[in-house]
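I opened my notebook to go through one protein chain.

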Amino acid sequence: MNDTPNSMRLQLALVGRTNAGKSTLFNLIAGQDFAITSPVAGTTTDVVSKAMELWPIGPVLLLDSAGLGDESELGKKREGKTVRAFDQADVLLLVLRRNSWGEAEEQAAAMAKERGTALLPVINLFPGEKPDDKELEDIEKRCGIKPLYMKDLNNRDAFLSELKLRLIEMLPDDFINPPPLLGDIVTPGDVVIMVVPVDIQAPKGRLILPQVQTLRDGLDAGAIVLTCRDTEYEHTLKVLKDLPKLVVCDSQKVDLVHRLTPNSVWMTTFSVLFSRLKGDFDALLEGAEKLGGLKDGDKILIAEGCTHHATDQDIGRVKIPRWLLKKTGKKLTFEVSSGRDYPADLKDFALIIHCGGCMLNRREMLRRIALARQAGVPITNYGMAISFCQDVLDRVINPIV
């Protein structure tokens, strides 16, 4: 459980006005004093996260956010960070005090509704305060769900038991049953070849997350998964008695694998597979089909879901712009966003090319796609964009469509 990537954990964000008790709840769930608590409003200035296991739900990521409703200049900056927690949360815990429902709580409920994110109100009772049936009924009417009381901080087990029961009832469907990677493409006994380059960009001593997840999903589906480098791929095909059912390759090697793979064999890329596991396959494909309509002067956003040290052969910052300029013959400009610094204003971009999203959870990736569509900006991902540039887009989407 400790090794589960954050992008695969259920993400629980604690939100609410300043000094409502979010950090107190965070520490109560975590079982340790992880977040700083203080009677001074605004103690939490950035999103604090803690990975843990919440049995029987499994691996979760707790997110403690800065408070809403702080009108100071610093408070507005803190609130910008909090909005990102709304974007990535699978479930929101709205922490509030007795008789305190106001503008901040309305804002939180509205943002949850706009994102389609489950919201559970948690009323933080001071010592000596008692639950109020009328208030409980009012909040239940506003949020559509019965609130949970945080009243005895010395009885963590009882509170967690009730919290977990409530969470189980409201888990998102796509978290319980996420879209498959390979499970609906291959059947038990099918041979799958994974073509994994081992070059200067490959991490030493390990595979990258999309490769590991695809390998595991293939094994779970009962497939026989073979892994080789791109330099041994041709030989791998020759030593097999029968052709494989599917070949999955790194997007940067899609042209080579396409040329070596018989037309009767399905092939795709890790990034194309992730387009449906993490996002909206149809929306990203629609964005890829807009690449051919780019015009001189168009600005393209290269959106990275993680932060990393860029090399002179970086796939997003160097290779994709180079391939796209060559393919389209247009004078394009490129801007890069990395990590969680996804631009709030997208309207100036002609198109967005996003990474595969392996470091983002599905909720945040879908939110980014939704924001692009609201702005009227087509969005696709690395795998589809590269496949378009190499004239193999139709082939790599064929196993899915």
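Which residues in α10 are buried? I looked up F270, S271, V272, L273, F274, S275, R276 and L277, and they are buried in α10. Buried means under 20% relative accessible area, exposed means over 50%, and partly exposed lies in between (1.4 Å probe, protein chains only). Eight of the eight residues of helix α10 (residues 270–277) are buried, so this helix is largely enclosed by the rest of the structure.

Ground rules. I noted that this is a predicted model, where local features need pLDDT of at least 70, side-chain atom pairs count only at pLDDT 80 or more, and totals for chains, interfaces and linings use all residues. Residues are numbered from 1 along each chain as its sequence is written, and side-chain values use heavy atoms, with hydrogens and water left out.

The whole chain. I found 15 helices and 14 strands in the protein chain. Helices (H or I, at least four residues) and strands (E, at least two) are DSSP runs, numbered from the N terminus. Of the 401 residues, 52% are buried. I then looked at contacts, meaning heavy atoms within 4.5 Å. Among contacts between residues at least 6 apart in sequence, 75% join residues at least 24 apart.

The second largest pocket. I read its space as about 740 Å³. Of the 26 residues that line this pocket, M8, F175, P178, Q213 and L277 are the closest to its centre. A pocket is found on a 1 Å grid over the protein atoms alone: it is an open set of points where a 1.4 Å probe fits, with protein on both sides within 12 Å along at least five of seven lines, and lining residues have an atom within 4 Å of a point. Grid points are joined across faces, edges and corners, and the volume is the space filled by probe spheres set on the points. Which helix gives the largest share of the lining? It is α7, with six residues. At least two lining residues each come from β3 (58–64), α6 (173–176), α7 (209–220) and α13 (362–374). I sorted the lining by class and got 12 nonpolar, five polar and nine charged residues. Ala, Val, Leu, Ile, Met, Phe, Trp, Tyr, Cys and Pro count as nonpolar, Asp, Glu, Lys and Arg as charged, and the others, Gly among them, as polar.

D90. I placed D90 in the loop between α2 (73–88) and β4 (91–97). D90 counts as buried because its relative accessibility is 5%. Leaving out residues up to four places away in sequence, D90 touches several residues, including R9, T117, F175 and R363.

Most residues other than glycine have a negative phi, and most peptide bonds are trans. N19 lies in the loop between β1 (10–15) and α1 (22–30), and is partly exposed at 34% relative accessible area. N99 also has a positive phi, near 55°. N99 sits in the loop between β4 and α3 (103–115), and is exposed at 60%. A cis peptide bond joins W55 and P56, with omega about 5°. P56 is in the loop between β2 (48–54) and β3.
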